[in-house]
Amino acid sequence: METDTITAISTPIGEGAIAIVRLSGPEAIKVAASVFEGKNLLESASHTMHYGKIIDPETKETAEEVMVSVMRAPKTFTREDIVEINCHGGLVSVNRVLEIMLGKGVRIAEPGEFTKRAFLHGRIDLSQAEAVMDLIRAKTDKAMSVALKQMDGRLSSMIQRYRQDLLETVAHVEVNIDYPEYDDVEEMSNEMMQKKTKEVHDEIEELLQVAKQGKILREGLATAIIGRPNVGKSSLMNSLVQENKAIVTEVPGTTRDVIEEYVNVRGVPLRLVDTAGIRETEDIVEKIGVERSRQVLKESDLILFVVNNNEELSDEDEKLFEAVQGLDFIVIINKIDLEPKLDLNKVEQLTEGNPVISTSLVKEEGIDELESAIAETFFAGEIDTGDLTYVSNIRHIQLLKQAKQSLEDAMASLEMNMPLDIVQIDVTRTWEFLGEIIGDTASDSLIDQLFSQFCLGK
């Protein structure tokens with residue numbers, strides 16, 4: 001595959017110890033060597049690093065003092081020649097080096113183009129490429145572990161095995177149809193086809209059973225903190241985040257808008273949203289906050305519903321209980337350090353089996369129990385990222401669901417004794433859906449769209 005040479009800054013923009021300008025392509029080493037004062041990079045061995053200076057071709061002056069890494073194809077990430085120029089981590093220095101590279105005829109890379117080239121050159125498949133971005137965006141150790149396993153090809157290997165099983169089945173049917181005179185080829189029967197399709201179907205179903213947990217690990221659990229004003233919602237958020245993100249006062253209605261923060265609760269990433277207290281109000285600003293809170297409620301995976309132990313259950317509390325019915329929620333009875341006035345029996349009836357946790361956020365009591373309840377609700381208490389292969393990408397989940405449905409259509413046709421050449425249409429469709437996950441049957445427009453979501457320089 002003939003490609004041009006690209007370059008980009010591969011480290012976050014801003015001040016830091018170092019910044020890296022990366023080049024990839026057939027002219028990468030030649031271009032870097034033409035402006036590098038030090039060892040001759042054209043003669044350097046692969047995977048070596050060299051100290052020197054980048055010289056501005058126009059002024060002939062030193063532009064930057066650098067360390068240059070040389071990596072020769074094909075044993076590189078993109079399977080092209082790669083040069084990484086390690087500069088001082090300031091905006092001026094790294095941009096100066098980038099401008100010099102661009103002045104030598106190198107093109108600025110598109111978002112995700114380095115990873116896209118790795119995919120196009122067969123270095124990784126599409127699911128592994130997507131795992132690269134998952135790794136960058138991981139917010140917990142568990143999410144990082146899942147992404148690393150996908151990068152290593154655990155999911156890819158499983159998908160390729162399923163596809164191979166289906167391909168052999170389809171090929172067997174084709175041979176029986178096209179070459180009936182071959183006596184040494186076993187005839188594919190309905191029972192054999194049923195067995196093969198069911199095996200793959202059951203394995204896909206197992207993947208989908210843990211897909212919800214995988215998606216949570218990848219994207220975070222959208223978690224809304226709700227309750228009447230002044231029950232301790234902002235205090236709860238501050239306790240979970242372990243810093244004062246929300247203003248806490250005795251004045252009801254202090255939180256006027258939605259406040260978001262990510263927090264790691266026992267390996268579960270929570271996208272925590274502190275909402276304005278939901279109540280009837282004439283305050284225009286507070287009213288807008290309440291409406292936003294209601295919208296957040298509809299979009300949440302988990303709701304932390306805070307009630308006040310020091311007050312009787314109000315009509316507003318009961319309306320909130322009605323609003324969360326059918327959703328995953330945990331009731332938090334706060335202010336247990338104060339005189340109890342809450343009817344606990346009534347609360348138990350309204351929760352309908354959902355967890356109830358007692359806390360005193362002022363005294364930091366009950367937080368451990370709450371964290372345990374959150375993990376228990378979605379992961380049965382313990383998250384296993386060892387042997388399990390988690391499907392965490394929504395695109396993969398959707399394709400697996402489509403593949404599963406196609407196999408179910410095939411099995412239904414077999415039960416109706418439909419001809420095998422008709423049944424194999426659904427089996428072939430399954431093979432194609434699975435191929436889209438790893439990129440074998442994905443369209444060019446889909447590939448372009450996926451890589452456009454990557455950060456520049458990756």
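I worked on a predicted model.

**Entry 1: the whole chain.** I looked up the secondary structure and noted 16 helices and 13 strands. The chain has 458 residues, and 49% of them are buried. I then checked the contacts between residues with a separation of 6 or more; 68% of these join residues 24 or more positions apart.

**Entry 2: strand E12.** I asked myself how many residues of E12 are buried. In this strand, residues 329-334, six of six residues are buried. I sorted them by face: Phe329, Val331 and Ile333 lie on one side, while Ile330, Ile332 and Asn334 lie on the other. Both faces are covered.

**Entry 3: neighbours of E12.** I found six bridges between E11 and E12, which pair in the parallel sense. One of the residue pairs I noted is Ile303 with its bridge partner Phe329 in E12. The path from E11 to E12 passes through H11, and I recorded this β-α-β crossover as right-handed. E12 also runs parallel to E13, residues 356-358, with three bridges between them. There, Ile332 has Ile357 of E13 as its bridge partner. E12, H12 and E13 form a β-α-β unit as well, and that unit is right-handed.

**Entry 4: the aromatic pair.** I searched for aromatic pairs, and the structure holds one. Phe305 and Phe321 form it, with ring centres 4.6 Å apart and 55° between the planes, so the pair counts as tilted rather than edge-to-face, which needs over 60 degrees. Phe305 belongs to strand E11 (residues 302-308) and Phe321 to helix H11 (residues 315-324), 16 residues apart.

**Entry 5: Thr351.** I located Thr351 in helix H12, residues 344-351. Thr351 has 0% relative accessibility, so this residue is buried. Leaving out residues up to four places away in sequence, I listed what Thr351 touches: Phe321, Phe329, Val331 and Val356. Two of these names, Phe329 and Val331, were already in my notes on one face of E12.

**Entry 6: charges over rings.** I looked up two arginines. The charged end of Arg22 sits over the ring of Phe114, 5.2 Å from the ring centre. Arg163 lies over the face of Trp431, and I wrote down 4.0 Å to the ring centre.

Notes:
Residues are numbered from 1 along each chain as its sequence is written. This is a predicted model: local features need pLDDT of at least 70, side-chain atom pairs count only at pLDDT 80 or more; totals for chains, interfaces and linings use all residues. Side-chain values use heavy atoms; hydrogens and water are left out. Helices (H or I, at least four residues) and strands (E, at least two) are DSSP runs, numbered from the N terminus. Buried means under 20% relative accessible area, exposed over 50%, partly exposed in between (1.4 Å probe, protein chains only). Contact means heavy atoms within 4.5 Å. Rings of Phe, Tyr and Trp (its six-membered ring) pair if their centres lie within 6.5 Å; planes under 30 degrees apart count as stacked, over 60 as edge-to-face and the rest as tilted. A charge sits over a ring if NZ of Lys or CZ of Arg is within 6 Å of the ring centre and within 35 degrees of the ring normal. Two strands pair if DSSP finds at least two bridges between them. A crossover is right-handed if, with the strands pointing away from the viewer, the path from the first strand over the helix to the second runs clockwise.
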